[in-house]
Amino acid sequence: MFGQFDFGVITRNLPYLIKVGMMFTLELTALVIVLGIVFGTLLAMMRLSSIRVLSAFATAYINLMRSVPLVLVIFWFYFLVPYIGAWIIRSPTPVRVGAFLSSVITYSMFEAAYYAEIMRAGIQSIPRGQVWAGYALGLNYWQSMARIVLPQAFRNMVPILLTQTIVMFQDTSLVYVLSITDFLGAASKIAERDGRYVELYIFAAVVYFVICVIISVLVRRLQRRIAVIR
Amino acid sequence: MAMIEIKDVSKWYGSFQVLTDCTTSVEKGEVIVVCGPSGSGKSTLIKTVNALEPVQKGDIFVDGVKVNDPKTNLPKLRARVGMVFQHFELFPHLTVRQNLSLAQTLVLGRAQREADERGLRYLDRVGLASHKDKFPGQLSGGQQQRVAIARALSMDPICMLFDEPTSALDPEMINEVLEVMQQLATEGMTMMVVTHEMGFANRVANRVIFMDAGHIVEDAPKAEFFGKPRSERAQQFLAKILHH
Ligand SMILES: Nc1ncnc2c1ncn2[C@@H]1O[C@H](COP(=O)(O)OP(=O)(O)OP(=O)(O)O)[C@@H](O)[C@H]1O
Ligand SMILES: [Mg+2]
């Protein structure tokens, strides 16, 4: 029954699919993991802070981001970032940031809200005595956070961070609304051009699946390496 | 000048008063034991000494430095006051060696090498030199508590606070920790120890403080306290704890 399909279309266009499409997707994902977790951790610390304005700001930010659809956020930032950039560098005209940078900023800001809630739970899972022990040794807030609380919180939260990251990896495909050529975008373009929808969408699904499995395996290996011995 | 001076200290959790006008002091080289029923405020009192718990009224001085003064550099002060906790509070993601050196490098600015050397010297003193590359989770409770003591000593503290250091331990491990503490007292360390180990108090303490419901009810030289406590509550407490 696969007689009328031509899977050769995939091999013929592999360089484009991988070098252009997949590179964009993987680079975006990698940067958003790092920036999202860093920014999310800061948000979590702010949300748990005893300084009112900080926790109010973080709470509002997290709730806002978590209650609007990602597509909407993508549009917002796509149109807003050039103006914010202009405002920051005091330029009279909107700054062109490019599709990639715009996507990195958008997804980092969005995912940070989700990572923040995960890291907040992680921070709260560390017994108070650990913080006391750090303070009693003379560590300040930042030192005890960086050396005692966060390393343990991160370890505790690795499985949930992984789940969130896999969701995010799949959600990067939504950049298609900005006509950006990520992996799925590249596959769509070829599908349309050559009229080979089934082949390319099956291929895309398989690739997403395989990459998710690889990420899971790598994270599980990492988790075993950094596991706390109890 | 006393090493630790607690003057008229009161503390509230919301509307609940945990400490009421507590006054006492610990001279240099002195060992005082704090005892009293559960919930009487012993942990809270000892945590006010290095400002892990803030107080709403009164003053606390350590080596002449006012602890509850907003201008006081707390990390600097705390680095000079060793503290040992009921549940050890070793950092589980770090090896024993890293537990010993972390604050030395971060707070005292010692080079890693120097910090390791000093940490290992104290580890050796508590008899655990061969465990330096293990993680806390691989040690028994008694061993973890001895590492915690070595960790505090590595900072060259001017005094040591202990909050029920043996009450989370299996009975057979209590002595190995008490021995380390007794040795420390013999060497002249100033110590404030919350404990129900009356044998230790009898051997090592200069003075015993008895607390009840946030008050310091009794503050007497050891012989006096064990001879004939003045308050009825302390008598009952002693009777219960010595004859169980
Ligand atoms: N963070 C807190 N918020 C409110 N109440 C608290 C808090 N911490 C302690 N308390 C209360 O303060 C009182 C004194 O507590 P504390 O831990 O100092 O007692 P303790 O004498 O050390 O008792 P134990 O022998 O059980 O360790 C208790 O009634 C306790 O419930
Ligand atoms: Mg207590």
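How do strand S1 and strand S4 of chain B pair, parallel or antiparallel? S1 (residues 4-13) and S4 (residues 57-62) of chain B are antiparallel, joined by 5 bridges; strands pair if DSSP finds at least two bridges between them. Strands (E, at least two residues) and helices (H or I, at least four) are DSSP runs, numbered from the N terminus.

This is a predicted model, where local features need pLDDT of at least 70, side-chain atom pairs count only at pLDDT 80 or more, and totals for chains, interfaces and linings use all residues. Residues are numbered from 1 along each chain as its sequence is written, chains are lettered from A and ligands numbered from 1 in written order, and side-chain values use heavy atoms, leaving out hydrogens and water.

**Around S4**
- B:Ser10 sits opposite B:Lys57 of S4(B).
- S4(B) also runs antiparallel to strand S5 (residues 65-66) of chain B, with 2 bridges.
- One bridge pair there is B:Val62 and B:Val65.
- S4(B) and S5(B) make a hairpin with 2 residues between them, and B:Asp63 in the turn has a positive phi of about 50°.

**The open sheet**
- In chain B, 6 strands line up as S6-S7-S8-S3-S9-S10, with mixed pairing.
- Its edge strands, S6 (81-84) and S10 (215-221) of chain B, each pair on one side only.
- From one strand to the next, the twist averages 15°.
- S3 (residues 31-35) and S8 (residues 191-194) of chain B run parallel, with 4 bridges.
- B:Ile32 has B:Met192 in S8(B) as its bridge partner.

**A helix across it**
- Helix H6 (residues 171-186) of chain B lies across S3, S7 and S8 of chain B, at about 155° to S8(B).
- Contact means heavy atoms within 4.5 Å.
- Axes are lines fitted to C-alpha atoms, for helices over the stretch in contact, with angles from 0 to 180 degrees between N-to-C directions.
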